[in-house]
Each structure stands twice: as structure tokens, then as C-alpha cells.
Amino acid sequence: MKTLGIIGGLGPMATAYFMQLVIEMTQAVTDQEHIPMIIYNCPQIPDRTRFLLGLSQEDPVPGIVKCGGQLAADGAQILAIPCITAHAMHERIQERVELPIIHAIKETAIHLKEAGIKRVALEATDGTVQTGVFQKELEAQQIEVILPSREGQKKVMDIIYHNVKAGIPVDMDKFAAVEQELLAKEAQVIILGCTELSMVKQQMRNPEVALNYGLQACYLDAMEVLARAAVKACGKLRQKYESLLY
């Protein structure tokens with residue numbers, strides 16, 4: 001097995017959930033068969049979305065690179081960043097870090113291509129959407145990308161920043177409203193393209209939530225894709241996680 005290094009804290013709750021996903025997805029029957037992980041949890045790294053939108057001059061890349069260097073020194077062999085927005089800066093980070101960094105967005109596009117998906121909708125931060133990093137990778141796989149309306153995107157950002165990052169319950173009415181808008185645009189799959197939205201996906205595992213809000217879309221969580229890729233790179237994947245579309 002390889003040792004997985006995790007550049008965490010972007011945000012902290014998403015990092016904890018990512019570690020849980022890696023453990024759940026690993027084929028193991030004893031403690032010793034699980035993947036060794038080293039986590040550098042650094043929530044002080046500047047906000048990625050604000051930087052990408054030009055709203056802040058605080059570049060998050062040096063802090064992320066510092067974490068990567070420390071993880072390499074501590075014995076990590078491959079890195080994962082459970083922050084999808086940070087992947088808009090993947091090339092800048094990778095060229096300054098000696099260890100390979102899993103590219104969650106490329107892995108997501110490949111997973112959708114292999115599943116025969118042709119038309120997807122994207123829920124992500126303003127920074128991720130406006131840099132076009134998801135659109136680039138998806139279109140390279142001949143997958144059409146639908147984005148929420150301006151009002152729909154505002155709802156997505158409210159969920160990310162004013163619910164999950166703020167540590168309060170997700171406004172499922174807003175989430176359901178965005179889903180209905182994207183389904184009306186004939187999306188086959190809705191990508192949860194922000195690690196904070198993964199926390200919404202966790203809630204959706206509760207049948208009562210899905211029933212109460214009439215959720216009916218097929219979702220793909222980019223953080224689950226990242227966890228799956230990390231397990232495949234470092235250990236052995238449970239068969240049930242070969243496909244993540246549900």
C-alpha cells in the first residue's frame with residue numbers, strides 16, 4: 001500500500017468526511033489492511049474562491065504547496081486535496097510539489113464518460129464555475145455542461161458558505177429548487193462540484209430527506225470520485241464503489 005497525504009482544512013468538515021470516505025471505500029477486514037494516511041489540516045489557507053474571482057490578493061497556492069512539501073517530508077507518496085475549487089490551480093500547485101496530486105475533476109470527467117453520460121449539470125463555487133476548469137475537462141470527454149441560472153448559482157453559494165462552512169443545517173428547500181431547475185434543463189447527472197456540497201449528499205442518504213424534498217436527480221459527488229481515486233492509487237477498492245452514480 002502507498003501512504004496517502006491529505007492537504008486538508010479547505011474546509012475542515014469536508015476533510016473529515018473525505019477521510020471517512022476513504023476508509024469506507026477501502027476493501028479491508030482488519031485495521032492493518034486500511035490505507036495509511038497523513039493529514040495536514042490547515043484551515044488558515046486563504047479562501048480559494050475569493051482569490052480566483054479577484055476579490056482577494058491572498059494567493060492560496062503557497063500555503064497549499066507548503067502543506068504538500070511537509071506531507072512529502074513526513075512520508076506521503078501521493079496527495080489528495082479535498083477542495084474542488086483548489087483544483088482550478090492544480091497545475092500551479094503540481095509544478096511546485098514533488099508528489100503526484102490526484103486531479104479530482106479529471107477523474108470525475110472520466111468516470112462520467114465511462115458511464116456513457118452525455119449531458120451534466122454542475123453545482124460548484126463561483127470560483128470553480130468562472131475558471132471553467134470543470135467545463136474544460138468535461139468537454140474534453142464530449143460531455144455537455146449545464147450551469148444554474150444566476151439565481152440558482154446564488155442558492156448554491158448560500159448553501160456552501162452560509163450553511164456548510166458556517167456549521168448550520170443545509171437549507172434543503174434551496175437545494176431542491178436548484179435540482180428542479182437543472183432537471184428542467186434535461187441534465188442526466190448533477191455534479192456536486194464542491195466538497196461542502198458533499199455534506200449535502202451525506203444528508204441525502206437519509207431516505208426521509210429525499211422523500212420530504214422530492215429529490216429525484218442522479219448525482220455524482222466529485223469528492224467521492226476523489227476518494228475512489230485515492231483508494232485505487234493506494235489500496236484496494238470495495239467492489240460496490242466501482243460506480244458512484246446514484
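Contact here means heavy atoms within 4.5 Å. A few notes on the model follow.

1. Ground rules. This is a predicted model, so local features need pLDDT of at least 70 and side-chain atom pairs count only at pLDDT 80 or more, while totals for chains, interfaces and linings use all residues. Residues are numbered from 1 along each chain as its sequence is written, and side-chain values use heavy atoms, with hydrogens and water left out.

2. Arginine 48. This one sits in helix α2 (residues 48–52); helices are DSSP runs of H or I with at least four residues, strands are runs of E with at least two, and both are numbered from the N terminus. Setting aside residues up to four places away in sequence, arginine 48 touches Leu10, Gly11, Pro60, Cys83, Thr85, Ala86, Met89 and Lys165.

3. What about its charge? Arginine 48 is buried but has no salt bridge, and aspartate 47, the nearest side chain of opposite charge, is 5.2 Å away. Buried means under 20% relative accessible area, exposed over 50%, and partly exposed in between, with a 1.4 Å probe and protein chains only. A salt bridge needs a side-chain nitrogen of Lys or Arg within 4 Å of a carboxyl oxygen of Asp or Glu. For charges, Lys and Arg count as positive and Asp and Glu as negative, with His and the chain ends not counted.

4. Strand β4. Four of the five residues of β4 (residues 119–123) are buried, so the rest of the structure largely encloses this strand. β4 runs parallel to β5 (residues 144–146), joined by three bridges, with glutamate 144 as the partner of arginine 119. Pairing requires at least two DSSP bridges between the strands.

5. Strand β6. β4 also pairs in the parallel sense with β6 (residues 189–192), over four bridges. Leucine 122 has isoleucine 191 as its bridge partner, and glutamate 123 stands opposite leucine 192. β6 pairs in turn with β7 (residues 219–221), again parallel, over three bridges; there isoleucine 191 partners leucine 220. Val189 and Ile191 point one way from β6, Ile190 and Leu192 the other, and all are buried.

6. Helix α7. Val133, Phe134, Gln135, Glu137 and Leu138 are buried in α7 (residues 133–140). Their cover includes α5 (104–114), β4, α6 (126–131), β5, β6 and α12 (222–234). After α7 comes glutamine 142, with a positive phi near 60°.

7. Aspartate 171. Look for it in the loop between α8 (150–164) and α9 (172–184). Aspartate 171 counts as partly exposed because its relative accessibility is 28%. Leaving aside neighbours within four places in sequence, aspartate 171 contacts Ile159 and Asn163.
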